[in-house]
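Okay, thanks for coming, everyone. Let me put the sequence and structure up, and then I'll talk you through a few spots.

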Amino acid sequence: MDLKGFDHPGRPGGSGPRSVKVMIAGGFGTGKTTMVRSVSDIKPLTTEETLTQASADVDHLIGVADKTETTVSLDFGKISLNDSLMLYLFGTPGQERFWFLWNGLFKGALGAVVLVDTRRLASSFRAIEEMERQNVPFVVALNVFPDSKNYPVEEIRDALDIPENIPVVACDARDRASSRDVLVALIQHLKDRSAVAMESR
């Protein structure tokens with residue numbers, strides 16, 4: 001894959017790998033921490049805390065009743081897609097009470113993955129809206145849970161009102177290869193956007 005243009009803005013040229021900051025976003029319980037853990041080349045930094053009865057009135061567990069922990073700040077990992085490109089992965093907190101952290105986390109990000117739980121589509125609307133507000137290019141990854149129904153991709157695209165130019169892919173966030181494929185799809189999306197922008201000049 002041609003990686004020209006994917007280094008961090010302002011990064012001086014050189015022979016070393018180029019680095020890209022990528023956000024892993026989505027609603028509460030969509031698999032963000034799981035994806036960072038499965039795909040990272042290093043032991044990821046996570047900030048998960050145990051859910052307690054004290055948060056019952058603010059943490060909505062509909063559809064994720066078995067969830068016992070939640071990210072309260074960020075998850076961090078990294079992966080080398082090849083010798084030329086290093087991705088730094090930042091997982092966002094999914095609960096509404098931590099969304100104020102998103103503005104700072106997105107600073108410097110060149111792209112994002114929005115994880116979607118097809119059993120709870122409504123949990124993903126805010127994350128998609130935030131990508132558009134932050135003007136961050138993104139792909140949508142449909143995280144396949146064991147009890148998820150097999151909806152056609154285009155049906156999900158219509159339900160979430162996702163434009164045709166934004167890739168929508170299925171994945172299993174628990175699987176390293178599947179999660180890596182999502183990141184490759186994001187980089188390809190960034191490359192395609194860059195090519196279109198160059199052609200329009």
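So, Phe-76 is partly exposed, because its relative accessibility is 21% and that label covers what falls between buried, under 20%, and exposed, over 50%, using a 1.4 Å probe and protein chains only. Tyr-88 also counts as partly exposed, at 29%.

Before I go on: this is a predicted model, so local features need pLDDT of at least 70, side-chain atom pairs count only at pLDDT 80 or more, and totals for chains, interfaces and linings use all residues. Residues are numbered from 1 along each chain as its sequence is written, and side-chain values use heavy atoms, with hydrogens and water left out.

Back to those rings. Phe-76 and Tyr-88 make a stacked aromatic pair, 6.1 Å centre to centre with 15° between the planes. For a pair, the ring centres of Phe, Tyr or Trp (its six-membered ring) have to lie within 6.5 Å, and stacked means planes under 30 degrees apart. Phe-76 is in strand E4, residues 75–82, and Tyr-88 is in strand E5, residues 85–91, so the pair ties together parts twelve residues apart in sequence. Strands here are DSSP runs of E with at least two residues, helices are runs of H or I with at least four, and both are numbered from the N terminus.

The count comes to two aromatic pairs, and ring pairs link Phe-76, Tyr-88 and Phe-90 into a cluster. What sits over the ring of Phe-90? That's the charged end of Lys-21, 4.7 Å from the ring centre. Elsewhere, Arg-119 lies over the face of Phe-145, 4.1 Å from the ring centre. The rule there is NZ of Lys or CZ of Arg within 6 Å of the centre and within 35 degrees of the ring normal.

Next, helices. H1 (residues 32–39) and H5 (residues 176–199) pack at about 100°, axes 8 Å apart. That makes H1 roughly perpendicular to H5, a label for angles of 65 to 115 degrees. On the H1 side, the contact (heavy atoms within 4.5 Å) is made by Met-35, Ser-38 and Val-39. H5 brings Arg-176, Ser-179, Arg-180, Val-182 and Leu-183.

Last stop, the loops. Most residues other than glycine have a negative phi. Asn-135, though, has a positive phi of about 55°, and it is in the loop between helix H3 and strand E7. Asp-161 also has a positive phi of about 55°, in the loop between helix H4 and strand E8. Asn-135 is exposed at 64% relative accessibility, and Asp-161 is exposed with 64% too.

Key:
Axes are lines fitted to C-alpha atoms, for helices over the stretch in contact, and angles run from 0 to 180 degrees between N-to-C directions. Angles under 35 degrees count as roughly parallel, over 145 as roughly antiparallel, 65 to 115 as roughly perpendicular and the rest as oblique. Rings of Phe, Tyr and Trp (its six-membered ring) pair if their centres lie within 6.5 Å; planes under 30 degrees apart count as stacked, over 60 as edge-to-face and the rest as tilted.
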